[in-house]
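Please view the sequence and the structure below before reading on.

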Amino acid sequence: MKKLKTKEIFSNISPNYDYAAILSYIPKHVLFFDIETTGFSSSSSFVYCIGTAYFSDSNFSHSNSSHSNFNDSNLIIEQFFAQSAEDEPALFAAFANLAKRFDTLISYHGTGFDLPFFKGRQKRLGVDFSEIYTTKKEIDLYQLARTLRHLLPLSNLKQQTIEQFIGCKRTDSSTGGDLIPIYQQYLKHPDDALLSLIIQHNYDDLAGMASLLSLYAYHALLDGQFTVTGCSLKTYQQLDNSPGKELMMSCQLDIPLPAAFSCNNGLFYLNSTRTAVSLRVPVYEGTLKYFYSNPKDYYYLPNEDTALHKSVAAYVEKAHRKQATAATCYTKKTGIFLPQYEEVQMPALFAHYKDCVSYFELTDDFLNSPDVCKQYCIHMLHQLQTGKEPISHLS
C-alpha cells in the first residue's frame with residue numbers, strides 16, 4: 001500500500017468564497033472521503049484508492065477561530081493507494097484508523113455508493129471495520145445538492161457540474177469510470193505517470209468536495225438569513241401588452257452566495273447577485289371567495305351568489321335560498337391579492353373551491369411590515385425549492 005499526504009492552504013484551493021460565513025453549518029471534526037474502485041459491484045470489484053481530507057485542527061474551531069483563520073486553514077489530503085488487490089484490507093485499516101479522530105464523515109454520494117461498497121467489500125473479505133460507518137455522523141453533499149436542484153441552473157447533479165457552477169476549478173477532467181483501465185494498466189506495468197492521473201482525480205474530488213460546503217449558503221437563504229430592504233407594487237407590461245401589477249421585494253443576504261442564480265415557477269420569480277435577492281410576484285386584482293368551514297350552518301343565496309348564516313338567512317324567502325354545500329358556502333371580497341400555496345396569511349381566499357393556490361389581501365399593513373414580508377419571502381423561496389408549477393383557476 002502506498003500512502004500520499006499533501007497540505008494545501010484552503011483559500012488557495014477555493015479562493016472565491018469566504019467559507020467562514022457558513023461556519024455554523026459545518027460540524028466540527030469532519031473527514032471528507034472518496035473512493036476509487038475497479039467497477040460498480042462490490043461482489044466483483046475492489047477498492048484501490050481511498051482519499052481523505054480534513055482541516056488542520058489548530059485553526060478549525062467554531063468558538064476560537066476568527067474568520068480569517070478558517071480561510072487560512074490547511075486542508076490535509078491523505079490518500080491510500082492499493083498497489084495490488086491484496087492491499088485492499090490495508091486500505092480499510094488505514095482509513096478506519098484515521099477516521100477515529102473525527103466525528104463526521106462527508107462524502108459526495110457516499111450514502112448511495114461509497115459506504116454500501118465498503119460494507120459489501122468487507123463482508124466479502126471477511127474483515128470488520130464497521131466503526132467507519134456505524135459510529136460517525138454522515139453528510140452526503142449529493143443529498144444537499146439534490147435539495148437545491150430546482151433552484152440552481154444545474155444540468156445534472158454530478159460533482160464536477162456543481163463545482164463548475166460555484167466557480168471551483170480542477171486540474172482533472174476524468175470520471176471514476178475513466179480511471180478503471182488506467183489502474184488496470186498500472187497493475188500490469190506500475191508507472192508514476194499512471195499513478196499521478198489516478199491520484200490527481202481523487203485529489204480534485206476531495207478538494208472539490210470541501211469547496212461544495214459553500215452550498216450551505218443557499219440553505220441559509222432558505223432558512224431566512226436575510227433582511228427585507230424593500231417591498232412595493234410595480235407596474236409592468238404583460239405579454240398581451242396590457243398593464244399589470246406585481247409585488248417586488250428586495251432582500252440583503254446575511255451570508256453571501258458562491259454564485260448568483262435565477263429561477264421561477266411561472267408565478268414566483270427570483271433573481272440574485274451573490275449578496276442580494278429580488279423576488280417578484282404578479283398580484284391579482286378582482287373578486288375572490290372566502291369559504292366558511294361549516295356549510296350546514298349556512299344558506300346559499302343564488303341571486304346574490306353568497307352564503308349567509310342561517311340565523312340571518314332564515315328571513316329570506318325559501319324560494320331564494322338553498323342549503324349551502326362546501327362549494328357554495330362562501331362570501332366574496334374584491335381587492336388586490338397575493339397568491340400563496342399554504343395559508344401563510346389569513347384569511348385565505350380562493351377563486352374556486354379546493355383550488356391549490358389561495359390568496360390573501362395585499363394591504364398597507366403588509367407592505368409596511370418587514371417581518372410579514374419576510375415570512376412571505378420565505379414561503380416563496382420554499383415553493384421555488386419544490387419545483388412545483390402553480391395550479392390556479394384564475395381567468
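**Charges over rings**

Arg280 places its charged end over the ring of Tyr269, 4.4 Å from the ring centre. Such a placement requires NZ of Lys or CZ of Arg within 6 Å of the ring centre and within 35 degrees of the ring normal. The model is predicted: local features need pLDDT of at least 70, side-chain atom pairs count only at pLDDT 80 or more, and totals for chains, interfaces and linings use all residues. Residues are numbered from 1 along each chain as its sequence is written, and side-chain values use heavy atoms, with hydrogens and water left out.

- Lys374 lies over the face of Phe226, 5.3 Å from the ring centre.

**Aromatic pairs**

- The structure holds 31 aromatic pairs (ring centres of Phe, Tyr or the six-membered ring of Trp within 6.5 Å; planes under 30 degrees apart are stacked, over 60 edge-to-face, the rest tilted).
- The rings of Tyr108 and Tyr142 are edge-to-face, because their planes stand at 85°, with the centres 5.8 Å apart.
- Phe360 and Phe366 form a tilted pair, with 5.5 Å between centres and 50° between planes.
- Both Phe360 and Phe366 are buried (under 20% relative accessible area, 1.4 Å probe, protein chains only).
- Ring pairs join Phe33, Phe92, Phe95, Phe118 and Phe129 into a cluster.

Note on methods:
Buried means under 20% relative accessible area, exposed over 50%, partly exposed in between (1.4 Å probe, protein chains only).
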